[in-house]
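User: I have a chain open on my screen and would like to talk it through with you. Could you take me through whatever stands out?

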Amino acid sequence: MFEDFYKKYKEDIKNCFKDLKDKDKRIKQIPNLLTASRLLAPLFIVPAAFSGNIPLAILFTCLFEATDALDGFAARKLNAVSEFGKDLDPIVDKIFAAGLMIPLIIKFPAVVACIFNEALIGKKNIESKKKGNVPRTTLLGKFKTLLLSISLLIAYIAVTTNSIPSLLINCVFILTASIEYITAKQYEQIDKEKDLEKTYHKIEKIVEEEKVKQSKKEIIKKYTNF
């Protein structure tokens, strides 16, 4: 399943590069370029934070986070909304978050749980997408993202200022990981409900087809005496 998923997006990425070489199609890739720019975020944010320049780290974070809104706006304005762009956005967000969390592992081991649960959410979304269930972010998912952002901000402040106990930061990450896990279970439940809904529609269709067949048999029997 994941091999097919990988092949599909590998082909989509190739098409994006082809469009970038075509001056007439290049503008259509602006939203995807804005989304992909977040992959570079840790290269700017982490060094700034670890050097003690928190204001600069916050500025970089805000700039890259702004692309999360700008990519969708640009896609609508340029009439460049695509399934690839919709799928690319959450994937990049996961990589963006992981890039900020990994440097914190040594000082705050609890962040590993957050990384694991983010990967779990990503896995469930990919599985749901593969089945055609079209996963979408819920209110809890948005709260989870906000909580993770706040946790990371506090953690980086703690690293550079030594003003917050490590135990407290680990507790914050444990809380965040708990919300992430609940979010993953919610997405799993939504996916199961969509599966049940599709199964119900299939059964309805089979019942209707059987009714039609039975009706045809009765007509044939009536007019042919079979």
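This is a predicted model: local features need pLDDT of at least 70, side-chain atom pairs count only at pLDDT 80 or more; totals for chains, interfaces and linings use all residues.

User: Where does Asn 170 lie, and what is it in contact with beyond its neighbours in sequence?

Analyst: Asn 170 lies in helix 8, and once the residues within four places in sequence are left aside, Asn 170 is in contact with Lys 107, Phe 108, Pro 109 and Ala 110. Ala 155 is 15 residues away from Asn 170 along the chain, and the C-alpha atoms of the two are separated by 8.9 Å.

User: What share of the residues is buried, and what is the surface like?

Analyst: Of the 226 residues in the chain, 31% are buried. The accessible surface comes to about 14,400 Å², and 67% of that surface belongs to carbon and sulfur atoms.

User: How about contacts between residues that are apart in sequence?

Analyst: If you take the contacts between residues at least 6 apart in sequence, 78% of them join residues at least 24 apart.

User: Now the helix packing. At what angle do helix 3 and helix 5 pack?

Analyst: Helix 3, residues 41-50, and helix 5, residues 83-101, pack at an angle of about 25°, and their axes are 9 Å apart. That angle makes helix 3 roughly parallel to helix 5, because angles under 35 degrees count as roughly parallel. Helix 3 passes helix 5 in a right-handed crossing.

User: Which residues meet there, and of what classes are they?

Analyst: From helix 3, Ala 41, Pro 42, Ile 45 and Val 46 meet Phe 96, Gly 99 and Leu 100 from helix 5. By class, the residues of this contact divide into 6 nonpolar, 1 polar and no charged.

User: What about helix 5 and helix 6, how do their axes cross?

Analyst: The axes of helix 5 and helix 6, the latter being residues 111-130, come within 9 Å and cross at roughly 165°. That makes helix 5 roughly antiparallel to helix 6, because angles over 145 degrees count as roughly antiparallel, and the crossing of these helices is left-handed.

User: Which residues meet in that one, and how do they divide by class?

Analyst: Glu 83, Asp 87, Lys 94 and Met 101 in helix 5 meet a set in helix 6 made up of Val 111, Cys 114, Ile 115, Glu 118, Ile 121, Gly 122 and Lys 129. The contact of helix 5 with helix 6 has 5 nonpolar, 1 polar and 5 charged residues.

User: Back to helix 3: how does it cross helix 7?

Analyst: The axes of helix 3 and helix 7 come within 8 Å and cross at roughly 40°, which makes helix 3 oblique to helix 7. Val 46, Ala 49 and Phe 50 of helix 3 make the contact with Tyr 156, Val 159 and Thr 160 of helix 7, and by class there are 5 nonpolar residues, 1 polar and no charged.

User: Last one, Ser 37: where is it and what does it touch?

Analyst: Ser 37 has its place in the loop between helix 2, residues 30-36, and helix 3. Not counting residues up to four places away in sequence, Ser 37 touches Phe 64 and Thr 67. Ser 37 and Phe 64 are 27 residues apart in sequence, and in space they are 7.5 Å apart, C-alpha to C-alpha.

Notes. Residues are numbered from 1 along each chain as its sequence is written. Side-chain values use heavy atoms; hydrogens and water are left out. Axes are lines fitted to C-alpha atoms, for helices over the stretch in contact, and angles run from 0 to 180 degrees between N-to-C directions. Helices (H or I, at least four residues) and strands (E, at least two) are DSSP runs, numbered from the N terminus. Angles under 35 degrees count as roughly parallel, over 145 as roughly antiparallel, 65 to 115 as roughly perpendicular and the rest as oblique. A crossing is left-handed if the near helix is turned anticlockwise from the far one by less than a right angle, and right-handed if clockwise. Contact means heavy atoms within 4.5 Å. Ala, Val, Leu, Ile, Met, Phe, Trp, Tyr, Cys and Pro count as nonpolar, Asp, Glu, Lys and Arg as charged, and the others, Gly among them, as polar. Buried means under 20% relative accessible area, exposed over 50%, partly exposed in between (1.4 Å probe, protein chains only). Accessible areas come from the Shrake-Rupley method with a 1.4 Å probe; for residues, only the protein chains shown count as cover.
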